Each structure stands twice: as C-alpha cells, then as structure tokens.
Amino acid sequence: MAELPVLEALWEPSDLTSDLEKARSQAWVEAMDRLNNAQPTLRIDEAVYAEVFNQMPTPIWIEDWSGVMPALEEKGLRERPDLQQELQQNLPLLMDVYSHVVQLDMNDAALAFFSETSKRALVERLYDDPPFGSLSSAAVMLAALDSGAVSHSWTSQCQPYPDGAPRWIKESYYVPPAYRETWARVIYTVHDVTDLKMTERNVERARLEADAANRSKTEFLANISHEFRTPLHAISGFSELLIDQKLGALGHDAYRDYAVFIRDSGEHLLDLINDILDLSKYEAGELILREEEVIVREAFDSSIWFLRERASRISIGLETWSSPDDAVLLADGRKLKQILLNLLDNAVKFTSHGGKVTLSGFVESDGDFSICVEDTGVGIDPADQDRVLERFGQSGESRNQGTGLGLPLSKALTELHGGTLRLDSRPGVGTKVSIRLPASRMISPRHGERDTG
C-alpha cells in the first residue's frame, strides 16, 4: 500500500474543484491515513489471537465445509430427513462426502487430544485413517448443517483410555454469521466429559440401589408388621377379657389396672407399627387413597372422642367447630382420621394442665378447605420447627415423649390428598397446625367463607 504523501501528491485540486469535492477528497485521505496507522495494531491483534487460540485448553478445529454442500447436492442428499442415518449406514458414501472437508487450523489442545505433535500429521491421519468416532460425528454434523442449524452439540463415546476405561466427549460446532450460506468456516470443539458421565452413572446406580433398598425395607416392614399384629391382637383381646372379667372376678382390683395397662400398651405399639408402615409405603409411592364422602363434623367428633378422657384427666379443654356445619369432603376417611388423631394427640401431649386445644374447619375464599389444630401448649422453638416435620425428628420439648412420627406422617397423608401442612408455633404460647385441602375435594358446599362470628 502506498504511503499517504504519495497519495497527496497525486491529488492537485484546481480552482474549478468544488468545495464538496475537496471535502470528500480530504476525508478519503484522512481515512487512508487512519488505515495505515492501524496496520501495526492489527498485526499485534493477530498475534494475540494466535497465541490465545493455541493456549486454549479446549480442542478447537477451524474447518472449511464449503465443498461438502455441492457434494451433497450432486448425490441428491440435500434436505433428506434421514441423512444422518443413511450416512452412518453407508460408510463409503460418508467417507466420500467427508473427504471434501478442509482442515484450516487447529490449536495445540486438538493435537494433544489425538496424541499428535504436528498439524500436518494430524490432518493426514484424519484423512487417511479417520477414527470411526470422527466419521460418526461427521454424519451428525452433516445432518445438522443440512437442516440449517448454525450450532449443534451432542455427546458420544469415543476410543477408550489405555486402561480400557470408557471415554465420553461432548462435541459442538458453530458457523459464524458471514459463512452460514457457504459453510466456508465451521468452528468445531470437543470437551472430555468422561468424569461427568461417570458421575451421572454412579448417581443413577446409587439411585437404583437406594430404590431397591427402599423396596426391601418396605417389604421387611410389611412382613414384620404382620408378625407383630398377630400377637398384639391377642394381647389386646385377652386384656379386654380380663378388664371385663367375663369369666369371673380377678381376685384383686390391681389386676384389672394391669390389664388396662397391657391393653393400652399393645394398642400403642400397634399404632406405632402402622405409622411406620404407612410412612414407608408413602415414601415408596405405594400408599394409596380409598376415597369416600367424609362428613367433616362426624370426623371431628369421632377424633375428639378418643382424646376427651385423657384431656379431662389433666383439665385440658377440647373445642371443635366447623363452618359450614354440613361440609363434606372427598377423602380417605381412615387416613383423614389418622391425621386428626396424630395432631390432636400431639396437642394434648404438649399442653399443660388447664390449657385448651381447638379443632376447627372452614372453607377458604378460593374454595379450599382448611383444618386447624391449635393448642396453648409449650410451643416449638423456631430452630426445631423444620426438624419436627422430618421422620423421627423431635424438638427439645418432645424428646423421650414419642417417636417423632406424628407430624411427618400427618404431612405425608395430607400431601397424598393433594394438600399442604403448615406449622406455626411460639415457645410458651402454643402451636397451630393448619391443613389445607384443595377445593376439588369439596363435595358440599362447593363455595363458602369462613364463619368469623
């Protein structure tokens, strides 16, 4: 390129030259001057680019695929929906088409990926004896390019490591905007994702093993619970016989008290076994609902009846109300009652002498039905509120006072109904457990508001 003084000498404006032409000519000269000054900077930028390109840890190839397009057209392969499959099944055809790809450049990481030391050696190897994995990838790229995709990524298994371990790579290509009509520049990269793939396999294997262990646990619990139930039913039945003294007097009043204790202990153990089994079935996805129409008021009264005697012994007041009074839910009656009994039992257990427990139900403005169990008990520390909803999780106040299954099981059974369970508690003030069942479970009435009177 000529230097600017020469360009200026060639231009000698005459008196007849218009001011506009002078301005245009001067602007052109200034533009050429800026271009000349930019040449050294461009050369530096090219050197920086080359250095960065070669130092990139990702293997990169810059390829010219412009000769592939006419080869596909000549063989009638353009825009074929099954192009990838056809090329992979016809290796000579694939090699013929792939032979039109020109390797323009590659970085040092690309050489290392194929354990080569020179670009020429790698190019000759790829053309003379291409690895099957490279040909398979070429078929993927050809099909993607032919479909109009300017970029595409896929994962494949390539030749194993020397120790025989599998090796997985993620391959990608990108066509810069200026070359999307001709495919004259395609940037191809590979990433070794073997570690990630093996981690995914290990995670999946661990998941399958955990599922199998969980199924085994559920089967074990089901079998052992059956074994427990048989003697427990006998204990309950014979203790009832002793309590009622149907075969005659026991001879001492203390024996009757012992029989009551035996019966209550057996029933408690049976309830515990049922809770463990139900929770295990829920986690395994094997717990199902036996839905029926449940009259809320009757479910409330029945649940309160079971706790009334124990509550009265420690002067705890039990209150219940439902608005509307004739609310009917589509639910599993036994499981709904199990939820209520668990929540009421906890409320009575952790409420002090002279306290109060309230069971209420009402229709929300959006049609959902809410059930609340509220007490004036010891409450739960904020740090423990997440823990008590976990299996066998207990707060500081509840340790040695149960198994910690009541709240987790109630939460699981609520979620099985499509509902949610919420816990609100303040130490020294009390606890409120709220269950919200979806409006789709309301049979009667369909809509309503909470009675605040």
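Student: How many residues of H13 are buried?

Tutor: H13 is mostly covered, with 8 of its 11 residues buried, where buried means under 20% relative accessible area, exposed means over 50%, and partly exposed lies in between (1.4 Å probe, protein chains only). This is a predicted model, in which local features need pLDDT of at least 70, side-chain atom pairs count only at pLDDT 80 or more, and totals for chains, interfaces and linings use all residues. Residues are numbered from 1 along each chain as its sequence is written, and side-chain values use heavy atoms, with hydrogens and water left out.

Student: Which ones are they, and what are H and E labels?

Tutor: Among the buried residues of H13 are Gly-406, Leu-407, Leu-409 and Ser-410. Helices (H or I, at least four residues) and strands (E, at least two) are DSSP runs, numbered from the N terminus.

Student: What does H13 pack on?

Tutor: There is an open sheet of 5 strands with mixed pairing, in the order E7-E9-E10-E12-E11, and two strands pair if DSSP finds at least two bridges between them. Its edge strands, which each pair on one side only, are E7 (317-323) and E11 (420-426). E11 runs antiparallel to E12 (residues 430-437), and 7 bridges join them. Helix H13 (residues 406-416) packs on this sheet and touches E11 and E12, its direction making about 145° with that of E11. Axes here are lines fitted to C-alpha atoms, for helices over the stretch in contact, and angles run from 0 to 180 degrees between N-to-C directions.

Student: Which other helix lies across those strands?

Tutor: Helix H12 (residues 333-349) lies across E7, E9 (356-363), E10 (369-375) and E12, running at about 25° to E10.

Student: New topic: where does Val-48 lie?

Tutor: Val-48 lies in helix H2 (residues 19-55). With a relative accessible area of 45%, Val-48 is partly exposed.

Note on methods:
Contact means heavy atoms within 4.5 Å.
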